[in-house]
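Me: I've got a fold open on screen and want to talk through how its pieces pack. Can you take my questions one at a time?

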Amino acid sequence: MQRVEQHASFGGSQEVWQFASPVLGCDTRFAVYLPPAALRGQACPVLYWLSGLTCTEQNFITKAGFQQHAAQHGLIVVAPDTSPRGEGVANDPGYDLGQGAGFYVNATQAPWAAHYRMQDHVAVELPALVDQHFPANGQRGISGHSMGGHGALITALRHPGRYRSVSAFSPIVAPSQVPWGQKALGAYLGSDPAAWAEWDAVALITSLPAGAERLPLLVDQGEADEFLAGQLRPELLAEACERTGHPLTLRRHAGYDHSYYFIASFIGEHIAHHAQALQTAS
């Protein structure tokens with residue numbers, strides 16, 4: 001691994017690292033915030049943040065203002081890129097497919113399958129790397145925004161026992177039922193809706209067997225979000241959770257849109273939510 005950025009922040013260190021990913025088949029970057037406790041050598045829980053469409057690892061670390069809260073609670077925060085990138089990696093002219101739009105799935109269709117294995121990257125490859133190179137204590141939470149909120153929900157649901165906490169801002173909760181998701185899942189996974197269901201939070205919650213892990217979900221949604229009715233559909237998540245008894249706290253906020261102004265307004269509460277679960281587990 002090669003460190004390409006390092007900045008002092010609230011007594012900790014905001015860093016960006018690059019490595020050659022065997023899973024993605026290209027060089028990739030991820031951001032990691034090390035709180036003061038980690039710099040002192042203390043093993044800390046890790047919160048993984050998944051960003052939305054068009055983002056890189058930079059958006060969250062420069063706009064969300066999470067570092068102060070992570071420093072206070074002693075959380076390492078890791079933010080990967082949103083897709084594979086580089087020469088030879090498939091792309092699309094649209095902002096909602098290809099580079100910057102990996103949707104955190106493992107693609108099965110050409111030309112995407114060669115590189116677009118973001119689920120294996122964020123759920124398996126990256127945590128193994130973080131646990132090896134940073135003072136992580138083995139306790140993990142996951143969160144994200146929009147496409148990344150979708151990624152956080154499905155990653156926690158697909159890997160029971162791997163995460164202790166999960167939250168999301170403005171997530172795409174039912175990609176099988178909205179245009180963004182239908183375009184991406186159709187391209188990456190093919191035309192069979194049964195394959196899409198494995199990457200759809202509402203479908204996964206609906207199909208959970210009795211006795212399965214049911215991590216409490218914390219979801220914040222802005223009422224002035226321009227994508228609320230057409231792409232996000234939080235009511236579908238609420239209905240699925242109510243039908244199946246899945247714990248959900250869905251908070252809707254008047255006046256807030258889809259931007260990082262919304263995330264920055266409530267990121268402290270999400271960090272506290274994760275810290276409580278992760279430190280209790282520790």
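Predicted model: local features only at pLDDT ≥ 70, side-chain atom pairs only at ≥ 80, totals over all residues.

Me: What is the strand order in the open sheet of nine strands, and which are the edge strands?

Reply: The nine strands form an open sheet with mixed pairing, and the order is β1-β2-β3-β5-β4-β6-β7-β8-β9. From one strand to the next, the twist averages 20°. An edge strand pairs on one side only, and that picks out β1 (2-9) and β9 (248-253).

Me: How many bridges join β7 to β8, and which residue is the bridge partner of alanine 168?

Reply: β7 covers residues 165-169 and β8 covers residues 217-222; the two run parallel and are joined by four bridges. Look in β8 for the partner of alanine 168, and you land on valine 219.

Me: Which strands does helix α4 lie across, and at about what angle does α4 run to β2?

Reply: Helix α4 spans residues 118-133. The strands it lies across are β2 (12-21), β3 (26-34), β4 (44-50), β5 (76-80) and β6 (136-144). Relative to β2, the helix runs at about 120°.

Me: And what about helix α5: at about what angle does α5 run to β6?

Reply: Helix α5, residues 147-158, lies across β4, β6, β7 and β8. Its angle to β6 is about 130°.

Me: How do α4 and α5 cross: right-handed or left-handed?

Reply: Two numbers describe a packed helix pair, the angle between the axes and the distance between them. For α4 and α5, the axes come within 11 Å and cross at roughly 65°. Gln119, Val122 and Ala123 of α4 meet Ile154, Thr155 and Arg158 of α5, which by class makes three nonpolar, two polar and one charged residues. As for handedness, the α4 and α5 crossing is right-handed.

Me: Why do the buried residues of α10 end up on the same side of α10?

Reply: In helix α10 (residues 234-244), the buried ones are Pro234, Leu236, Leu237, Ala240 and Cys241. They sit on the same side of α10 because the arc they cover around the axis is only 155°.

Me: Which residues are exposed on the other side of α10, and what covers the buried ones?

Reply: On the other side of α10 you'll find Glu242 and Arg243 exposed. The cover over the buried residues includes α8 (201-206), β8, α9 (228-232) and β9.

Definitions and conventions
Residues numbered from 1 in each chain as written. Heavy atoms only, no water. Pairing = 2+ DSSP bridges. Axes fitted to C-alpha atoms, helices over the stretch in contact; angles between N-to-C directions. Contact = heavy atoms within 4.5 Å. Buried < 20%, exposed > 50% of the residue type's maximum accessible area, 1.4 Å probe, protein only. Arc of directions from axis to C-beta. Left-handed = near helix turned anticlockwise from the far one by under 90°. Nonpolar A, V, L, I, M, F, W, Y, C, P; charged D, E, K, R; others polar.
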